[in-house]
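Work through the exercises below with the model open beside you. Try each task before reading its solution.

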Amino acid sequence: FELNTVHDNNISISKSKFIKNEASSGSCVLISSSTGARNPCKIIINNNTFTRNINHGSGIVGGAIKVNTQQAEFVGDNYFFQNEAYYDGNLDSETSGAYGASIYLLQSKLSAYTLEGLHFEDDTVSHGGGSLFIYGYDETSQTSSPVTVSRCSFTKCNSDQFGGAFATGIPKSDSDSVGNNDVAISHCVFT
């Protein structure tokens with residue numbers, strides 16, 4: 001499912017199963033980052049299961065769900081099992097790579113956002129954020145508006161480089177990073 005056009009109403013995806021889908025990014029749900037400014041609707045992801053979905057390609061490869069904070073809302077309990085994201089080819093920039101096998105979240109606006117009720121198991125990614133990757137908006141701001149990760153579970157998640165369960169920001173060769181927003185973690189389980 002890809003949202004790349006303007007809609008007036010919210011779109012709800014409820015009690016569905018996404019199994020063995022494949023794409024370069026967002027194999028199950030994809031919101032183009034450029035649609036946020038012109039599209040007032042949200043995708044509501046409510047009590048779904050995402051299993052064995054594969055994302056691979058070049059550039060920035062995101063997981064089964066690649067969305068932004070302005071247009072996506074997670075409701076209820078959503079489950080993610082054995083999703084993968086890996087990078088094909090040579091890295092062509094410092095931000096290229098595969099991030100967040102299940103969810104790649106772009107904080108598109110400097111405002112607080114909460115992820116809760118997400119359950120990840122056996123996800124694998126070739127770069128950062130085994131299950132969840134958050135690219136933060138306020139990397140250069142003096143104001144903090146964290147993404148809160150609450151009541152989530154991460155079991156046997158794996159990253160080949162950094163952030164076995166989840167990561168925020170992409171390290172650069174000069175020891176700096178981009179997209180490294182503040183993240184608050186509350187009532188989560190990591191095993």
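**Exercise 1.** Which residues does Ile 65 touch, not counting residues up to four places away in sequence?

*Solution.* Some ground rules come first. The model is predicted: local features need pLDDT of at least 70, side-chain atom pairs count only at pLDDT 80 or more, and totals for chains, interfaces and linings use all residues. Residues are numbered from 1 along each chain as its sequence is written, and side-chain values use heavy atoms, leaving out hydrogens and water.

Now list the contacts (heavy atoms within 4.5 Å). Ile 65 touches Gly 26, Val 29, Ile 45, Phe 50, Phe 74, Phe 80, Ser 102, Ile 103 and Tyr 104.

**Exercise 2.** What is the order of the strands in the open sheet of 6 strands?

*Solution.* Strands are DSSP runs of E, at least two residues, numbered from the N terminus. Two of them pair if DSSP finds at least two bridges between them. The order is S3-S7-S12-S17-S21-S27, with parallel pairing. Strands S3 (17-19) and S27 (189-190) each have a single partner strand, so one side of each lacks a neighbour in the sheet. Tyr 79 has His 119 in S17 as its bridge partner.

**Exercise 3.** Which residue forms a salt bridge with Arg 151?

*Solution.* Look for a side-chain nitrogen of Lys or Arg within 4 Å of a carboxyl oxygen of Asp or Glu. Arg 151 pairs with Asp 77, and their closest N and O atoms are 3.1 Å apart. The two residues lie 74 residues apart in the chain.

Technical notes
Helix = DSSP H or I, 4+ residues; strand = E, 2+ residues; numbered from the N terminus.
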